[in-house]
Amino acid sequence: MNERAQANAGGTDLAAFWMPFTNNRQFKSAPRLLASAKGMYYTSHDGRRILDGTAGLWCVNAGHCRDEIVAAVQAQAAEMDFAPTFQMGHPKAFEAATKIARHTPEDLKHIFFVNSGSEAVDTALKIALAYHRSRGEGQRTRFIGRERGYHGVGFGGISVGGIAPNRKAFSGGLLPAVDHLPHTLNIKEAAFSKGQPKWGAHLADELERLVTLHDASTIAAVIVEPVASSTGVLIPPEGYLQRLRQICDRHGILLIFDEVITGWGRLGAPFAAQYFGVTPDLLTMAKGTNNAAAPMGAVAASTRVHDSIINGAPAGIELFHGYTYSGHPIAAAAACATIDLYEREGLFERAARMAPVFENAIHKLRDARHVIDVRNLGLVGGVELAPRDGAPGTRAYDVFVRCYEKGVLTRYTGDILAFSPPLIVEEEQIEQIFKTVGEVLKETE
Ligand SMILES: Cc1ncc(COP(=O)(O)O)c(C=O)c1O
C-alpha cells in the first residue's frame, strides 16, 4: 500500500504522519494533498484548483495567504521568534489583545491567550472554577454542556462535549461532575428552516431541571456553542440562547460561549454574542482570530470574572495557568494583521451582506436527491442526507470525495455536509459550491 500511496501523493512518504481525526488507512490508500493556497482557492498536489467551501477548517476567514498577514508573519519571525509571557512580556501580545478586545462584546475585554480551541475551552472551564473560588463559592464545580456539543479534545472539552465516540473512547478520564442539556436539532419540527428555527426555545428550560437536580450551589458554568457547528450545523431556536442566559443569571451560573467557529465574522457580526444579543461571561475563540496563520486561541473574560480572580487572589500569581506559547509573537503578529484586515475590508459586514445569497443558494438543494434537511445562518450551512442502510456516514463521505475531485472543498460529519466559505467569497463561487454539490448528489447512490 505504501508505495502506491506514495506515488499517488507525488512522492511524499505518507507513513510517518499519524493523521488526526482521519481514517488513516483509507486516506493513505487514496491521499488528497493540498500544496498551496491563495484567496478562495487551494491548489492540490496534482495541480488542480480547489474552491475552498470550508475556509480550511472553519478558520481562514479572510481568505488564504493574504499579503498583509504573510508580511506580518515574515517580519515578526525575523525580528523576534519567541519571547516568554510568564513574568515577561512582549509588545505584540499586548497589541493583539487590545485589537481583539475592540471586537469582543460588552465588557469581555480581558484576553487570555492559548494555542487552540481545545485549550481555550479548558482554560475557560478553569477560569470559571477560579472565579467561584475567588468569591468563596469553591463548591461550584459542576459543568453543564450539551449533547452534540464539540469543545475540542482536551479532557475538559470532551467531558462537557456531547459526542458519543469521543466520550466512549476516553470514558475513564472524563471530569466527574458534568451533565448535559439536550441538543436543539429536531428535523421533524424544523426541517428546512431558513435561519433560526421557530421551534425549540423551550429546550433551554432543561437547564432548570438540571439546576433542581444538582442544586445551583454546585454548578460553576454552562458551556454551549451558539451555533453547534462541527457536529452538523445545529442552529439555535429563536429565543433559546436568551433563555439560557436568564436561567444562568437567576442561579449565579456562568455562561460560556464557545465561539471557536462562530467568532470573527462567521455570522456577519464580530461574534455570535453580538449577533444574538446575548452576552456570555466567558467567550472562547481560536481559528479566525489570526486567520489560522499560526496556532492561536484565546478566552475573553468579563470584568466581573477577571477582577474577582485578580483582586481576590493573595499576593502572587492570580491564576495558576498558561502555556509556553500563550501570546506567541508570530501568532500575535498574525492576529494584529488579520484584525486590521477584517476592519479595513469590513469583512463581517460583507458576510452579513452575503448571507442571504448563501441562504438562497444552499436551499436550492432542498429537493436534491437524498437531502432530508438544509439549515443555515450567516455564512455557515449544513445539508443533511439520508444515511445508507447499515452504512451511516458513507454517503456524505462519497459526496465529499467527489466534490473534491470536481474542485470544491466541503466537509462532512456523519451524513451531514457542512459549508463555511471564507468571508471574501463571491456570489458566483457560492453558486459554484452548491451547483457542484447538487450534481454530485445526482450521481451518488
Ligand atoms: C466550537 C469548537 N470548540 C473547540 C474546538 C477545538 O479547536 P481546536 O481544534 O483548535 O483545538 C473546535 C474545533 O473545531 C470547535 O469547533
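Reader: Which domains does the domain assignment of the chain give?
Author: The model is predicted: local features need pLDDT of at least 70 and side-chain atom pairs count only at pLDDT 80 or more, while totals for chains, interfaces and linings use all residues. Residues are numbered from 1 along each chain as its sequence is written. Domain bounds come from an automatic or database domain assignment. That assignment gives domain 1 (32-65 + 347-443) and domain 2 (69-345).

Reader: How many residues of domain 1 are in contact with domain 2?
Author: Two residues are in contact if their C-beta atoms, placed from the backbone, lie within 7 Å. The C-alpha centres of the two domains lie 26 Å apart. On the side of domain 2, 31 residues take part in the contact, and on the side of domain 1 the number is 34.

Reader: Which helix gives the largest share of the side of domain 1 that touches domain 2?
Author: Helices (H or I, at least four residues) and strands (E, at least two) are DSSP runs, numbered from the N terminus. Helix H3 (55-58), helix H15 (347-362), strand S11 (371-377), strand S12 (380-385) and strand S15 (416-419) each supply at least two residues of this side. The largest share, seven residues, comes from H15.

Reader: How many residues of the side of domain 1 that touches domain 2 are charged?
Author: Ala, Val, Leu, Ile, Met, Phe, Trp, Tyr, Cys and Pro count as nonpolar, Asp, Glu, Lys and Arg as charged, and the others, Gly among them, as polar. On this side, 18 residues are nonpolar and 10 are polar, and the number of charged residues is six.

Reader: Which strands are the edge strands of the open sheet of seven strands?
Author: Two strands pair if DSSP finds at least two bridges between them. The seven strands of this sheet follow the order S4-S10-S9-S8-S7-S5-S6, and their pairing is mixed. Two of these strands pair on one side only, namely strand S4 (110-114) and strand S6 (178-181).

Reader: What is the average twist from one strand to the next in that sheet?
Author: Axes are lines fitted to C-alpha atoms, for helices over the stretch in contact, and angles run from 0 to 180 degrees between N-to-C directions. From one strand to the next, the twist averages 20°.

Reader: Which helix packs on the sheet, touching S5, S6 and S7?
Author: Strand S5 (residues 142-146) and strand S7 (residues 219-224) are paired in the parallel sense over three bridges. Arg-142 stands opposite Ile-219 in S7. The helix that touches S5, S6 and S7 has a direction at about 155° to that of S6, and it is H10 (residues 206-214).

Reader: Which residue of the hairpin of S11 and S12 takes a positive phi?
Author: S11 and S12 run antiparallel and are joined by six bridges. Leu-377 has Val-380 in S12 as its bridge partner. The hairpin has two residues between the strands, and the one with a positive phi near 55° is Gly-378.

Reader: Which residues come nearest to the ligand?
Author: A residue is near a molecule or strand if its C-beta atom, placed from the backbone, lies within 6 Å of it. The shell around the ligand has five nonpolar, seven polar and two charged residues, and helix H6 (residues 117-134) gives the most to it, with three residues. Of the 14 residues around the ligand, those that come nearest are Ser-116, Gly-117, Ser-118, Gly-152 and Val-260.

Reader: What is the radius of gyration of the chain?
Author: The secondary structure of the chain comes to 17 helices and 15 strands. The radius of gyration is taken over C-alpha atoms, and the globule rule is 2.2 Å times the number of residues to the power 0.38. For 445 residues the rule gives 22 Å, and the value for the chain is close to this, so the chain is as compact as a globular protein of that length, with a radius of gyration of 22 Å.
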